[in-house]
Amino acid sequence: FSHRDIASMMEKGELFRKSFHLCAPLFLLYYLVPGDMWGFAPSAGSVLSGREVILLIVLAAVLASEAVRLKAGRRVFGMRHYETGKMAAHAWAGLGITIGFLFFPRPFVVAIVFGMAWVDPLISVLRKERPALYPILPLAAYLLIVASALFIQTDIPPLVIFNLALIAACAAILCESPRLEHLDDDFLLLTIPLAALWLADFLFAGAI
């Protein structure tokens, strides 16, 4: 390959990653899956609902395919070069969103998934093209997304929504900054803001 071909492939890979990121809210269709599929329902004595069983099966398939890829030492289209020898971002995101679906309230998960999906690509662009706007613009965008999602889904007072959204936005920006060797920021951008929202909600006397 020529340098021009390699550069073109890198640009297409980055565009694919950003497009995949922007479409991440489609995973929220999970909430439309009936909870009693396949006869699994907590009310019937099952530990997991039907959709939770499906969720865990999908996660297991993703992690298994990732294990095969790592064993083979291959890198598929759209992956970053440094992901060849470690778990890729999409697998980390799958693990993070599964934790969200299983353990956190729906309004929180919806808000954080939209925030992660739409603000992380913005951060990537700003760091390269407009570093002066980082982190103020991503912080404001994340706050607006989370506040709008909570306002639409709940009847929490606006001042409490603002405080919750601000805490989630600060948590997201802070956990996105460091580059950790064994943890991907997609996982952190899902789990850390969710935990921060849950704790903030608890301190605000359980608004959710």
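Colleague: Which element of the protein has the lowest mean pLDDT?
Modeller: This is a predicted model: local features need pLDDT of at least 70, side-chain atom pairs count only at pLDDT 80 or more, and totals for chains, interfaces and linings use all residues. pLDDT is the predictor's confidence in each residue, from 0 to 100. Helix H5 (residues 136-153) has the highest mean among the elements, 97. The lowest mean, 65, belongs to helix H1 (residues 3-22).

Colleague: What is the mean pLDDT of the protein?
Modeller: Of its residues, 84% reach 70 or more. The mean over the protein is 85.

Colleague: How many helices does the protein have?
Modeller: Helices are DSSP runs of H or I with at least four residues, strands are E runs of at least two, and numbering starts at the N terminus. The order from the N terminus is α-α-α-α-α-α-α. Strands number 0. The helix count is 7.

Colleague: What share of the 208 residues is buried?
Modeller: Buried means under 20% relative accessible area, exposed over 50%, and partly exposed in between, with a 1.4 Å probe and protein chains only. Among contacts between residues at least 6 apart in sequence, 64% join residues at least 24 apart. The buried share is 40%.

Colleague: Are H6 and H7 roughly parallel or roughly antiparallel?
Modeller: Axes are lines fitted to C-alpha atoms, for helices over the stretch in contact, and angles run from 0 to 180 degrees between N-to-C directions. The axes of H6 (residues 158-176) and H7 come within 8 Å and cross at roughly 150 degrees. Angles under 35 degrees count as roughly parallel, over 145 as roughly antiparallel, 65 to 115 as roughly perpendicular and the rest as oblique. H6 and H7 are therefore roughly antiparallel.

Colleague: How many nonpolar residues are in the contact of H6 with H7?
Modeller: H6 brings residues including Leu-164, Ile-167 and Ala-168, and H7 brings residues including Leu-188, Leu-189 and Ile-192. Ala, Val, Leu, Ile, Met, Phe, Trp, Tyr, Cys and Pro count as nonpolar, Asp, Glu, Lys and Arg as charged, and the others, Gly among them, as polar. The contact has 3 charged residues and no polar ones. The nonpolar count is 13.

Colleague: How far apart are the axes of H4 and H7?
Modeller: The angle between H4 (residues 106-129) and H7 (residues 185-203) is about 140 degrees. That makes H4 oblique to H7. The axes are apart by 10 Å.

Colleague: Is the crossing of H4 and H7 left-handed or right-handed?
Modeller: A crossing is left-handed if the near helix is turned anticlockwise from the far one by less than a right angle, and right-handed if clockwise. The crossing of H4 and H7 is right-handed.

Colleague: How many charged residues are in the contact of H5 with H6?
Modeller: H5 and H6 pack at about 135 degrees, with axes 8 Å apart. They are therefore oblique to each other. Tyr-142 and Leu-143 are among the H5 residues that meet H6. The contact has 18 nonpolar residues and no polar ones, and its charged count is also none.

Colleague: What is the relative accessible area of Asp-120?
Modeller: Asp-120 is found in helix H4. Leaving aside neighbours within four places in sequence, its contacts include His-21, Glu-176 and Asp-185. Asp-120 is buried, and its relative accessible area is 8%.

Colleague: What separates the C-alpha atoms of Ile-97 and Leu-55?
Modeller: Ile-97 is in helix H3 (residues 89-103) and is buried at 11% relative accessibility. Beyond four places in sequence, Ile-97 contacts Phe-27, Val-113 and Leu-190. Ile-97 and Leu-55 are 42 residues apart along the chain, and their C-alpha atoms are separated by 9.9 Å.

Colleague: Which residue does a cis peptide bond join to Tyr-134?
Modeller: Most peptide bonds are trans. Here omega is about 10 degrees.

Note on methods. Residues are numbered from 1 along each chain as its sequence is written. Side-chain values use heavy atoms; hydrogens and water are left out. Contact means heavy atoms within 4.5 Å.
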